[in-house]
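Visitor: Please show me the model. I will ask what stands behind each term.

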Amino acid sequence: MIELYTWKTSNGRKASIMLEEIGLPYNVHPIPIGEDVQFTPEYIAINPNSKIPAIVDSEGPDGKPYTMIESGAILMYLAEKTGKLMPRDMARRYEGIQWLMFQMGGIGPIFGQVHHFERAAKVDVPYGKERYGKECRRLYGVLNARLEGRNWLANEEYSIADIATFPWVARYEWQKVDLADYPNVKRWFDVIAARPAVQRGMEIPADA
Ligand SMILES: N[C@@H](CCC(=O)N[C@@H](CS)C(=O)NCC(=O)O)C(=O)O
């Protein structure tokens, strides 16, 4: 059984979408980050970095409980554990890992700053909005170019790279982005949004 510690955010949804896609049974432990539950000693024992998501696999490597933090690493772990959503062939596997890292190192941090300056900052900071908004739109351009003539970010198959990126693009309205400006991203987004497992994963935790 997988224990999933999460909240209804873009990083949290990566893990819940993945668990829904691969069909492994899991228990949800809501961590309301707005109430600072991530800073409690109980949660720090699971994730010393006080972020969601985290998982504990009761049947990890060698059959022992295994804790995973960092959403990208969680996706890789679950893919390797199940043999799903990441190719075994080295060249194709690393194509997927490249686009997963593009999400982890680029889209996540930059879009996160856009969300902060557009929605959460206690004072209006035009420079922050301009700086991160510009880089956000540049990254949408990279995604749009990558998806020209392709259905998926890597390998011509749906993979953890797509799962990692989708919940961030799902916040395009927060980013003040019109997906019509990025038609390949919109086509890709609409196909993934229609997947039942994605729709279920986006609603986890149910009561958040
Ligand atoms: N690099 C981490 C980032 C996780 C992250 O930033 N999670 C946010 C929610 S999307 C969080 O837990 N925020 C709580 C806080 O910053 O106190 C990952 O990919 O798992």
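Guide: The model is predicted: local features need pLDDT of at least 70, side-chain atom pairs count only at pLDDT 80 or more, and totals for chains, interfaces and linings use all residues. Residues are numbered from 1 along each chain as its sequence is written.

Visitor: At what angle do the axes of helix H4 and helix H5 cross?

Guide: The axes of H4 (residues 90-120) and H5 (residues 126-146) cross at roughly 140° and come within 9 Å. Helices are DSSP runs of H or I with at least four residues, strands are E runs of at least two, and both are numbered from the N terminus. Axes are lines fitted to C-alpha atoms, for helices over the stretch in contact, with angles from 0 to 180 degrees between N-to-C directions.

Visitor: Why is H4 called oblique to H5?

Guide: The crossing is at roughly 140°. Oblique is what remains after under 35 degrees (roughly parallel), 65 to 115 (roughly perpendicular) and over 145 (roughly antiparallel), so H4 is oblique to H5. The crossing of these two helices is left-handed.

Visitor: Which residues make the contact of H4 with H5?

Guide: From H4 come Gly106, Ile107, Ile110, Phe111, Gln113, Val114, Phe117 and Glu118, and they meet Gly128, Lys129, Tyr132, Gly133, Glu135, Cys136 and Leu139 of H5. Contact needs C-beta atoms, placed from the backbone, within 7 Å. By class, eight of these residues are nonpolar, four polar and three charged.

Visitor: What makes H1 oblique to H6?

Guide: The axes of H1 and H6 (residues 160-169) cross at roughly 135° and come within 8 Å. That angle makes H1 oblique to H6. The crossing of H1 and H6 is right-handed. On the H1 side the contact holds Ser10, Arg13, Lys14, Ile17, Met18 and Glu21, and on the H6 side Ile160, Ile163, Ala164, Pro167 and Trp168. Seven residues of this contact are nonpolar, one is polar and three are charged.

Visitor: Which residues surround the ligand?

Guide: Around the ligand are Thr9, Ser10, Asn11, Gly12, Ile33, Gln38, Ser50, Lys51, Ile52, Glu70, Ser71 and Gly72. H1 gives the most, with three residues. The shell has two nonpolar, eight polar and two charged residues.

Visitor: Why are S2 and S4 said to stand at the edges of the sheet?

Guide: The open sheet has four strands in the order S2-S1-S3-S4, with mixed pairing. S2 (26-30) and S4 (66-69) each have a single partner strand, so one side of each is left without a neighbour in the sheet. From one strand to the next the twist averages 20°.

Visitor: How do you know that S3 and S4 pair?

Guide: Pairing requires at least two DSSP bridges. S3 (residues 54-57) and S4 run antiparallel and are joined by four bridges, so they count as a pair. Ile55 has Met68 in S4 as its bridge partner, and Ala54 stands opposite Ile69 in S4.

Visitor: What links S1 to S3, and which helix lies across S1?

Guide: S1 and S3 pair in the antiparallel sense over four bridges. Glu3 stands opposite Val56 in S3. H1 lies across S1 (2-6), S2 and S3, and runs at about 150° to S1.

Notes
Near = placed C-beta within 6 Å. Nonpolar A, V, L, I, M, F, W, Y, C, P; charged D, E, K, R; others polar. Left-handed = near helix turned anticlockwise from the far one by under 90°. Contact = placed C-beta atoms within 7 Å.
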